[in-house]
Every structure is written in C-alpha cells, then in structure tokens.
Protein chains: 2
Amino acid sequence: MPIASICGGKGTCGKCKVKAIGPLSPLTAQEKGHLSAEEIAAGYRLACQARVQGPTVVEVPPIVEVQYKIAFPLAIAERGLKPNVRKVYLCLPRPSLGDQRPDLTRLKGALGFDFEAAELTALRRLPEVLRRADWGVTAVLVGSRLISMEEGDTQGESYGIAFDLGTTTVAAYLMDLNTGQQLGAAAATNRQTAYGDDVMSRLDHAHAGGLAELRDAALETLNLLVEEVCRKAEVLPQNIYQAVLVGNTCMHHLLLGIDPYPIGVAPYIPALGDALDLPARELGLVINEGANVHLLPVVAGFVGADAVADALAAGLGEDGRVRLMIDIGTNAEMILSAGGRILACAAAAGPAFEGARISCGMRAAPGAIDRVEIISGRVKAHTIGDQPPLGLAGSGLVSLAAALRRRGLLSRRGRFVADATPDGLFAPGERGPELLLAPPDGAGTGRAIALSQGDIAELLLAKAAIEAGVNILLKETGLAVGDVEEVLIAGSFGNYVDKLDALDIGLVPPLPPDRVVGIGNAAGAGAVLALLSLDVRGRARELARRIEYIELSARPDFNEEFVRAMSFPEIE
Amino acid sequence: MPIASICGGKGTCGKCKVKAIGPLSPLTAQEKGHLSAEEIAAGYRLACQARVQGPTVVEVPPIVEVQYKIAFPLAIAERGLKPNVRKVYLCLPRPSLGDQRPDLTRLKGALGFDFEAAELTALRRLPEVLRRADWGVTAVLVGSRLISMEEGDTQGESYGIAFDLGTTTVAAYLMDLNTGQQLGAAAATNRQTAYGDDVMSRLDHAHAGGLAELRDAALETLNLLVEEVCRKAEVLPQNIYQAVLVGNTCMHHLLLGIDPYPIGVAPYIPALGDALDLPARELGLVINEGANVHLLPVVAGFVGADAVADALAAGLGEDGRVRLMIDIGTNAEMILSAGGRILACAAAAGPAFEGARISCGMRAAPGAIDRVEIISGRVKAHTIGDQPPLGLAGSGLVSLAAALRRRGLLSRRGRFVADATPDGLFAPGERGPELLLAPPDGAGTGRAIALSQGDIAELLLAKAAIEAGVNILLKETGLAVGDVEEVLIAGSFGNYVDKLDALDIGLVPPLPPDRVVGIGNAAGAGAVLALLSLDVRGRARELARRIEYIELSARPDFNEEFVRAMSFPEIE
C-alpha cells in the first residue's frame, strides 16, 4: 500500500506515521525525534522505520489524492488545429492476377502519397484487416509513419492526450484531434511519491538502483490517467494516436529510464535537452501501440519541459513586453521575457509549499488548510473540501503568514510577535512558541496542528530564493522591478494562493495587484497546445533554444540577493 | 527434439520415421501407407502420428545439418565500401557551471553534425558511459540514428552480418565494415523445417495459428548463426550494428510475424514489397539492440528478396546482354535480362530437388547421394561426406537421370527402358520397377534406397515447370533459346548439380556448356553486397522496381509450354 513520504524512507521527514500494534522492531532514533510521547503511547510508528516481527495490525491513513485545478484559462482552440495525426479512409481496388501489387503498395497507391515508414505492428495486421474489411480501411498516419490500419471508416475517432508529469501531481487532458475540443481531464498523485516527495529524494533513489521502480511508478500513473479519462469520455485508448508530455527534467529523464543523477550534482547536467519522439509501445504507454509520444524540449536540469510549456502557453517572448512567470510546483522556475530576450532560472523553493520541511505541512489535498483568516484575534482555518483539518497546505502557510504580517504578529525577519497577541494566539511548544491551528480533538489526525517559528523560517527561505532569482533575472536585463508589466503565477501552488497574500509576504515582486495574474496549470495548457499543433511544437523548440538559462549557483551575487530577500516586505 | 518433416505433421510425407518401443497409439492409415511390414515389425512409426501412452524408448535419427556451399565466386570487395555504420571517437569538453549543455547536445557539438534521432537504449546509457569513460567515447551511428555509445575508442570494431534465410537452409556472413573483409560464414537448417519442408506447409501452419512458432523458429536459427560466426571470429554480437537479410517472400513475412497466407492462394499477394528497415531489438535479433536490420525488397509472392539479391550479385540488367538466371532452391525462380528489360517468374519446382515427393529423397546433407555413375552396367553412388547412403539428394537425382538417359535406360517420357538393361539394373518393386541404389545392409538407414518410376515423373514435372517458365520469359522478350548468352545457376541446388547433367535432362536450355555457369549462393552474395554499401541497397530498390514479374498461372500459354516440356531432350 502506498504511504505518503517526503524523504523516501530515510526517516527524516516524519510524514509516514502509522498506528501499528504487534511485535515490531525497537523505536529508532529517527522515530524518537519525530514522535511525541503521546503518539508513542498510542502506538504510532514511522512506516519507513518500524519492522514487523510477527502478526501486527497497522492502521494506514487513507491516500489522499491531490486536489488539483487542472483547468487553464487560455483559449487553446483558437490557436489553430494542425495535429500530427492523419486518418484516411480508402476503398482499395481488389487484387487480381492482373494486379498483384503487395498490400502495402496497393495502400500507398490509393493514398496518393508515400510515407517514410510503417510500424511493424501495422504491417502485421495489414493482410488480415484489408481482407476482413473487404478492402475498405482507414489508414492512420502519424507524421510520415503508418502506425495503424483499421477496418471501415474510423476517421471520426482521432484522439490525443497531453500529460503534465509533475513531481507531485500528474495531469492528463484528452483531446479530440478532429475538433480541438477537450473531452476530459484528470489528475492523480505521481506514484513515485512513495519513494520521496521532492526531486532530490527521487534522484537519490534512482541512482541507488531504483531507476526502474521510479520509471514504472511514473508510467503506472500515466496509464491510470489514460484509463480514467478514456472511461469517462467513452474513448478507446487504442484510438489515441498522439501523446505530448511535459514535466521537469528529472521526471522527463525518469520516465525515459535515464538516470537523472548528474542533474542533482554540480554542474547539474541533463542527459538530453532536445524534443524527443518515440513510439508509445517503446515507452510502455497504453494507448495505440504505434502512437507517437512527443516530449517537449528541456532547457536545463531545473528548467524542464514544463517550464517551456508554461512559456509556450503564456506566449512569452511573442512580444517585447516585460513579463515574469513564476511557476511554483515542487520546485520554482522563474522566466522573464523582455524586449525579445527570454531568461530563466530555478530555485529549490517548492518543498515549503508542498508540505515538506513544514512541521504540519501537507500537499493541497482534501483536509489541507488552504486559507486562514484571523478574525477578532482568533484563527479561522478553511480546509479543502471543508473536511476536518489534516495539515497545512502551501497556500494556507502563505495565507497565515500574510494574515500574521498584516496584524503585526510576525516581524519582517519572521519572528512571532508574542507581546502583540491579545489573548494567547501563541503558546509555548516543544521547540519554541507555536500557533495552534487545530487542537488534537479538532484535527482529522487526532494530533494538534500548529505553526512553528521554524515553519516561518522555511517559508522565508523559499520566498528569498524566488525573490533573489527574480532580481538576478531583472539585473541581467538591466530592468527594475517596476518595469515588469505582468506577473504570471503558474503551477499547482499558483492555483490556490491568493495573490494579495503572495504580494504581502513578498513572494511576488511589489507591484500593483492588477499586474499579477494566476494562470492555472500553464504547463498542461502548453502540452495541449503542442498536442493540437505541429506549429506549436516548432515554437516550443524555438523557445527552448531562445531561453537563456541563468545558473544561480554560478552567480557570485546570488548569495547577496538571497540574504537581502530574507525578510518580509513592509505592509503599507 | 526437432525431427525432419516435409508435410509438417500431416502424415503424408513419411519422412519422420522413428523407432519407438513402448505403449503407443495404434497405427494410423497414414502409417500403414508409409511403413513396410518389416519396418512395422522392427518398431518403426511416424513421429507425427504415433502418440506415446506410457514409458517409451524412442530412437530419433540424428539431425543432419544441411551441407551448404556458402561461398560465392563474386568479388564483392571490389564493388566499393559504403556501409551504413559510422563510428566516431570523440573527446568531449567536460561540463561546468559555465557550460551546462546536456550530454546529448555536447555530443552533437563535438560530432560537428546533427543526427535525426537517437535510440532510447543509447540515451539511457549516455550519462553513465560519458562519465565512466571520462568523456572519451565512441558514438555509433547507423544512417542518421545514434544507436549506441561506447567507452573509449572502439572505431576498429565495426561489424555487419548478412543473412540468406532460405526455406531449408539459412546462411550467415560476418563482415568487417571497416575493411569489407569476410570474417566468417556459417549455415544451418532453418528450424522451421520441423513444421514442414516446403513453403506451402509453412503457409498452412502459420495460418492455422502457428505464425508465432514459425517466427520464433526462424529467429532462433538466425540467432544461432550469429552466435556461431561471432564465436569463431571472436567478435562480440553487440559490435554488429547492421544486418541485411534476404529470403523468399514467405520467409521474409514469417520472420516479420506477418501472416503470409495470401501469398499461397490466388492471386498470390504479399503484404509488402518495399525494402524495410527496423531495429534489431524489434525483430528479436541478438546483435546490438539498436542495430539496423535491412530487408531487401520483394518482387512478388514467389519472387522474393533472395531473387533480387541474386540479380544484384550477378549484375543482371547492368548491361544489354541476354542473361538467364535460374535459382533452384525449395522453389525455382527464373530471371531473364535482355536489352534493358528484366523479367522474372517462379515455379514450384524445388520440392523434387530437396527430397520431397521423391521416395528416397533427402536434402543435400552428409550421407545424401549427390552424384551417380553407371560404370559397366553397375550403379556407383557417391555420397556427401563419403558416408553410408541415407537417401537421394536433388543433384543425385539429376545425375542419375542424366546417366540413365545417356545409356538409353530412360525414355524421353521418363519410363525405365527395362529391356535395354544388361543384367537387371531394374527390379520389380512394390509400386512398379525400381532401380536399387543401396541394399538395406549397405544403407545407413538399414532400409533399401531405390529410385522409382514415380520419382522420375516428379523430376520431369519440376524440369517442365522450369523450362516452361524460361520459354515464357523468352517469348515475352521475343527471343529464342539460342539468343541466351549466359545461363547462371544459383541457389543451394545449383551448388551441387553438374551442368552437363542439367543440360542432358533439359533442366537448363539447350546451349553450349560454356554458356552455363554455376555461381553458388548468389542470394547470399547479394545480401553481403547490400550490407557493405548503401549504393547497392539503392540499386536493389531500383532492380525490384525494374523487374517485370510474369505470373505463370495467369498465362493461358503456360499449360501448353508445360506439356511440351514434359519430356527429356534427345541425347546428341
């Protein structure tokens, strides 16, 4: 059974608590650090540490699927339809002793044009399909390859699927390639999360022999989504002839079965960057086995195909405007377009926003606190799905910090301002003062949910990394913050965060709120655009070439910028 | 254990006799027809008929590998070397924070040219190979695909393999692609023979659900040959990057896993005719998994890639001379080039020459009678390998018929001339007069080896089919037999037959013997030529397009020609 994990089984994140009653291995040092005396007494253990030594009853928390806004406000259909898939219905002349052309030659003759190659799987079915269909068949071409032969006229059924393979969340969009209409969409938690929540845990696991496991886990997630969207839209997976996939560089490599380890160590080198086409069969994707899978290009180890898709969807670089995109997923990518140039950088800012390193942090899932208000000195927490709170989502953390800042309860340096509290919003905890969000009996977990001073420090680190990155991009182009005409917030985190909260804690540059726009899952939108049009794929390749990647770790001024950004802005 | 079979287990050929002692199913009607009373008494059964019903001891005759002359007299190296494989050793600049190009981009930069695509298997190895080799690597390109990456400088090891996949015999040639030199050759019996000796039995078996079995059997034969030639030449199979394969259309389809059934029924349509390229991995050939396998084009259902390779090796159509090629394998193909035109036809003549339908017939293997003399009224039989005789090979049958004709012991219509016999060369047998070649105690099988009147009738049918085909080709071009400047005898049968014998029984047109040339395995030579040069592959495609196929079954004059050819020529 999959269990939530952030550290990938190292015992360092403490997120895999389960109740286990029976003969078990002794508590490890890691467990002693993560479990309270009450939890230990109640039988809680870390699933990655405790070893079963006899009949044991384990209570596993239900897997909460990430709540993911997969919509995007971009009008993709208007961009023009030019899919890579062509279905042609043909009535072939019957062979005779006077016309003994081979089946394939006969097919080419009727098509009126040649194709470069044919999938062996299509060739294998050719003689039977032609004869069973009494020579009335539909040829399916992807690019210049014949990938399938179908009996009768099936031109009406031509589908494509776009995937956004995120570290945490995977989204799929089923599209009708004849009309450009979206027939369905679905999202699921990346099954790889069982091997660690963040990219670094995955890199380590892959390098330590877990590459095939991670590959299979990603593939399993994609295939589950295919199954789900197809079932709901009543489309057969074998009628999907084209897939487009975006994802960060690590996910991209893992899905291909390429060890991404060099991405994780200086100088952070991916194995490949160019766009890639391969047959679905070779990848293991359960759609038409001859279908083409197109992976958008990658810019750098931490600016992946998802960032390219972001830029594509937002039309970055299509005009001379100064526009800044921040995609906060498990990592944060910043892309600045200005006067024909496009610059990008990346920062490991995500973990704080997706629950890692936050004492009661969790991903945006039902039960996650996603918004907090402080009314009359009392904290009012809203949860996703209005369920009993289980933890604090990234948007909740930002919302809470912004509320505390606005009330003067949090200093610019991120210290709780205890003496300003009317009647005890803060209480002493095990590791310093805490803000109680839910008492044990009010929480879905039975354990108190609280915000610690350390959590704010993590938020500040993430915020500082993003701000420093943005400032270096601006510096590179010789622009000031005020020159930015538009800030686009993309990604799963961007779906939930309130832009005023983001402004108040300095997560986005200090600009008038009307210049800040949330654009939802722009990476998914970019993938859909590339699915629907070969021209867009050409644009994506051009974009990837144009994007100038700035390696922050190679910048001597990054540290200075980072330190300078280690405080919240003044509240006006 | 594989057992010789011609009919593919139908009980009609009687070739699968084994000695079996134990509880077995009762004798079938087929067995009663094929086994003599002595054989039944001695415990002989047909392996395809008898069912084991308890502990049984079975004596299985040793599998005799076909003796196959795989040499060819054509000077292939002189044709120029232009292989499809390129190995380039590169010392890549090390990556740094100032040069973060992805591995593949770095490789392309050092190569100085782009390639169209890269095998996923090569990409998967890329990061590790580059780093383990400290950035000194050899890139292996086949065509415009990167198929492999190797540590260090391995440019010296670049090999290719050519296959002639015959119905009965499979030959393999290992070539050094740097020098064009042949490093080894080997031949083996096609493992498919367990499912029937002739093409029609295979077609039936494939269509009755045995397609995968036949595919696997062909592949197993190829892989055994790879293993053998590599072991002997001390070459690693993964250093073979290109394979070229020829074979008749049925073998070609079966290897690809395509049901060849429509080839066997009017109007005899192949699934595909064009040359085909596919990765070794997809085919299941155990050489470098990214290696390219090139299948030469096919002309018609019974004029396959082997015939194209024949024509290629012999340079048919390269000048205006009137040249006739006859390739007698399991089937016979006739190709006539004259004044720029190339015409081809096919006849099911082979079975008689490979043992099928001949009472004591067998393939050219050790123990097969391959040459017969009649000295002082006594038959003197020579066997392959000078072993005790096991049966009569095709060349032995031709040799014997020619000797009988020369001595006046065989009429033009194929009747034994008994009254001309000095002292009983012919003796009455179960089904009419027979010519005893070896008594039971002189034969390796313990059973008498004899030639029957019916065997001569089969030979005459085969000869008539070939002659009728040749005459129709000549008629199409308006030429007479005497206009033929050269007759080339190719194929496994052509390796053994004496050209004077062939002339005396009319298997080749009546021409001066110096115009008749045996050219050995020309199909194998053509495959090797295509392996060594892309230009030759281009020529093969052109040849396949140029060859005008004449469907004999559609010719109203074929029967007339066939009947006219149903007698042996006069002996001068």
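Which residues does Ala527(A) touch, not counting residues up to four places away in sequence? Ala527(A) touches Ala162(A), Phe163(A), Asp164(A), Val244(A), Leu245(A), Val246(A), Leu296(A) and Ala309(A), two residues being in contact if their C-beta atoms, placed from the backbone, lie within 7 Å. The model is predicted, so that local features need pLDDT of at least 70 and side-chain atom pairs count only at pLDDT 80 or more, while totals for chains, interfaces and linings use all residues. Residues are numbered from 1 along each chain as its sequence is written, and chains are lettered from A and ligands numbered from 1 in the order in which they are written.

Ala527(A) is also one of the residues with the most contacts inside the largest nonpolar core, together with Ala172(A) and Ala172(B). This core has 363 residues. A nonpolar core is here a set of buried Ala, Val, Leu, Ile, Met, Phe, Trp, Tyr and Cys residues joined through C-beta atoms within 7 Å. A residue is buried if 20 or more other C-beta atoms lie within 10 Å of its own, exposed if 12 or fewer, and partly exposed in between, with C-beta atoms placed from the backbone. In soluble globular proteins, nonpolar side chains tend to be buried together.

Chain A is superposed on chain B by a rotation of 180° with 0.0 Å of shift along its axis, at an RMSD of 0.1 Å. The two copies are thus related as by a two-fold rotation axis. The superposition is by least squares on the C-alpha atoms of residues with pLDDT of at least 70 in both copies. Within chain A, the residue that comes closest to the axis is Glu282(A), with its C-alpha at 4.8 Å.

At the interface, 36 residues of chain A are in contact with 36 residues of chain B. Helix 3 (103–111) and helix 4 (120–132) of chain A each supply at least two residues of the side of chain A that touches chain B. Helix 4 of chain A gives the most, with 6 residues. Helices (H or I, at least four residues) and strands (E, at least two) are DSSP runs, numbered from the N terminus. The residues on this side of chain A comprise 22 nonpolar, 7 polar and 7 charged. Ala, Val, Leu, Ile, Met, Phe, Trp, Tyr, Cys and Pro count as nonpolar, Asp, Glu, Lys and Arg as charged, and the others, Gly among them, as polar. Because 100% of the interface residues of chain A are also interface residues in chain B, the copies meet through the same surface.

In chain B, helix 6 (residues 249–256) is mostly covered, with 8 of its 8 residues buried. Gly257(B), which follows helix 6 of chain B, has a positive phi near 80°. Strand 9 (residues 169–176) and strand 10 (residues 182–189) of chain B pair in the antiparallel sense over 7 bridges, pairing being assigned if DSSP finds at least two bridges between two strands. Leu174(B) has Gly184(B) as its bridge partner in strand 10 of chain B. The hairpin of these strands has 5 residues between them, and Gly180(B) takes a positive phi near 80° there.

Arg371(B) is found in strand 17 (residues 368–375) of chain B. Arg371(B) is buried, with 20 other C-beta atoms within 10 Å. Arg371(B) and Ser395(B) are 24 residues apart in sequence and 6.5 Å apart in space, C-alpha to C-alpha.
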